[in-house]
Structure formats: structure tokens, C-alpha cells
Amino acid sequence: MKPTHYDDFAENYSAENESSLLNAYYERPAMIGLAGDVSGRRILDAGCGSGPLSAALSAKGAIMTGFDSSPAMLELARQRLGAAADLHLADLSKPLPFADRSFDDVVSSLVLHYLEDWSAPLAELRRVLKPGGRLILSVNHPTVSVVNHPTEDYFAVRQYSEDYEFDGEPAVLTFWHRPLHAMINDFTSAGYRVATVSEPAPAPDTPHELLPPRILNGERTAFLSFIFFVLEAN
């Protein structure tokens with residue numbers, strides 16, 4: 001997708017993000033939980049969107065910097081976080097405007113799966129991390145693509161598109177599928193140690209009307225949508 005693709009539906013996506021099962025009660029709580037105690041830590045929100053994760057981590061005492069490739073998303077983030085927020089227009093597929101070893105942690109929610117090449121972005125995020133710093137990220141779970149596209153090759157790095165509806169408005173998103181072993185190889189090749197792999201359940205406070213019937217009926221404890229990693233910079 002073009003870096004500005006989200007400009008076309010930024011407000012609708014942001015509105016959906018506020019209260020949806022996948023964002024508000026699944027992905028974001030998982031990222032916050034993996035981050036743990038962030039008080040006083042300098043954290044880069046790589047692909048910050050309209051800023052909900054930055055706002056949540058800032059409320060827990062983190063010193064946040066964010067960037068996104070969508071000007072419309074950045075404007076929404078500035079409205080949320082305030083005019084003085086440290087926000088930048090930047091593209092993760094290109095060199096970032098930050099000095100070496102600037103951050104204790106990087107968080108990246110649902111960003112890398114838009115990119116065909118992970119080596120350069122992972123190296124760039126490694127560059128701006130302090131030694132021992134963490135990259136905490138989420139991406140589409142690789143098995144979900146196989147379920148949705150059963151004729152496709154799980155083991156191939158390949159592009160696919162899906163239809164969505166954000167706050168009642170249709171949108172099409174295009175992703176790159178990667179098998180799990182390819183993700184791990186990219187992480188270790190870029191100089192990270194895989195500290196955590198997480199496939200979480202929805203947050204305990206998820207409204208019942210948002211939960212899939214199989215969870216409500218006790219047939220399942222969770223569902224697969226995203227996969228989460230905590231990587232430590234060597």
C-alpha cells in the first residue's frame with residue numbers, strides 16, 4: 001500500500017479502533033501488558049496511527065515519541081496527544097529521523113505486515129534502540145491467512161488483500177503473509193533475541209456482546225487474529 005493509504009479512511013479507522021474487539025479489547029491490551037512497567041522509559045511508537053497506544057503508555061509514565069506515514073493519522077494523533085506531542089511524519093521502509101540508541105523500547109502495532117521486506121525496517125529500529133532495548137510488536141497471525149485463503153501456500157512470502165468495514169465505511173487493506181519461521185529468521189538476522197511469543201485471549205473486561213459465541217459458550221478460551229513478540233536488541 002502507499003504510505004498515505006490510510007488517509008482515505010483515517011477518521012473511520014480511528015473511530016473503529018476506539019471500541020472494536022480486535023483493537024480496543026485484544027491488540028492494545030496485549031501490547032500494554034507486554035510493555036509492563038514503562039515509567040520513565042523513552043518509547044518510540046512506530047506506526048502510531050491516531051495515537052491510542054501512545055496515549056495509554058504515556059498515562060503509565062512513558063516518554064513517548066511517535067511517527068506514522070499517514071499525515072491524516074498524525075493529525076488525529078496530535079489532536080489526541082496535544083500540540084506538544086513528539087510526532088513525526090516518517091516511513092518505516094526508509095531511514096528514520098532519530099539518532100542511534102535513542103529509545104529504551106519500540107512498540108509497533110500491526111505495521112510490519114504491510115511490508116514485503118522486513119530486514120531494513122528491523123535494522124533501522126534496532127539502530128534507534130539502546131543495547132538491551134525491546135521491540136514489542138504485533139502482526140497478523142500467519143495461520144489466519146491460511147484459514148481465509150486455504151489454496152495459498154503457507155510457506156511462501158506473498159501478498160494478499162482483504163475487505164474491511166471501519167465505522168460503517170468499506171476499505172481494502174493489502175498485507176504480506178509470512179510463515180512463522182520466516183518472521184523468526186528476520187528477527188534474529190536483524191540482531192534481536194526473541195524473548196516472548198504471545199497468542200493472548202481478549203481482555204477480561206471485553207463486553208460480552210463483542211465476544212465470539214464459542215468463547216461465550218465456553219467452547220474456546222481465545223481466538224487467533226494477531227501474534228505478538230517481545231524482541232530484545234543484542
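Visitor: Is Lys-130 buried, exposed or partly exposed?

Guide: This is a predicted model, in which local features need pLDDT of at least 70 and side-chain atom pairs count only at pLDDT 80 or more, while totals for chains, interfaces and linings use all residues. Residues are numbered from 1 along each chain as its sequence is written, and side-chain values use heavy atoms, leaving out hydrogens and water. Buried means under 20% relative accessible area and exposed over 50%, with partly exposed in between (1.4 Å probe, protein chains only). Lys-130 has a relative accessible area of 31%, so it is partly exposed.

Visitor: Which side chain meets Lys-130 in a salt bridge?

Guide: A salt bridge is a side-chain nitrogen of Lys or Arg within 4 Å of a carboxyl oxygen of Asp or Glu. Here the N to O distance is 3.2 Å, and the partner of Lys-130 is Asp-104.

Visitor: How many residues apart are Asp-104 and Lys-130?

Guide: Helices (H or I, at least four residues) and strands (E, at least two) are DSSP runs, numbered from the N terminus. Asp-104 and Lys-130 form a salt bridge. The pair links distant parts of the chain, strand 4 and strand 5 (residues 129–140), and the separation is 26 residues.

Visitor: How many residues apart in sequence are the parts that Arg-41 and Asp-105 tie together?

Guide: Arg-41 and Asp-105 form a salt bridge with closest N and O atoms 2.6 Å apart. Arg-41 is in the loop between helix 2 (21–35) and strand 1 (42–46), and Asp-105 is in strand 4 (residues 103–109), so the separation of the parts is 64 residues.

Visitor: About how much of a helical turn separates Arg-127 and Glu-124?

Guide: Their side chains meet in a salt bridge at 2.7 Å, N to O. Both lie in helix 5 (residues 119–128), and because they are three residues apart, the separation is about one helical turn.

Visitor: Which residue is joined with Arg-41 and Asp-105 into one network?

Guide: Arg-41 and Asp-105 pair with each other in a salt bridge. Salt bridges that share partners bring one further residue into the network, Arg-134.

Visitor: How many salt bridges does the count come to?

Guide: Side chains of opposite charge can pair when their charged atoms come close. Among the pairs here is Arg-127 with Glu-124. By the 4 Å rule, the count of salt bridges is eight.
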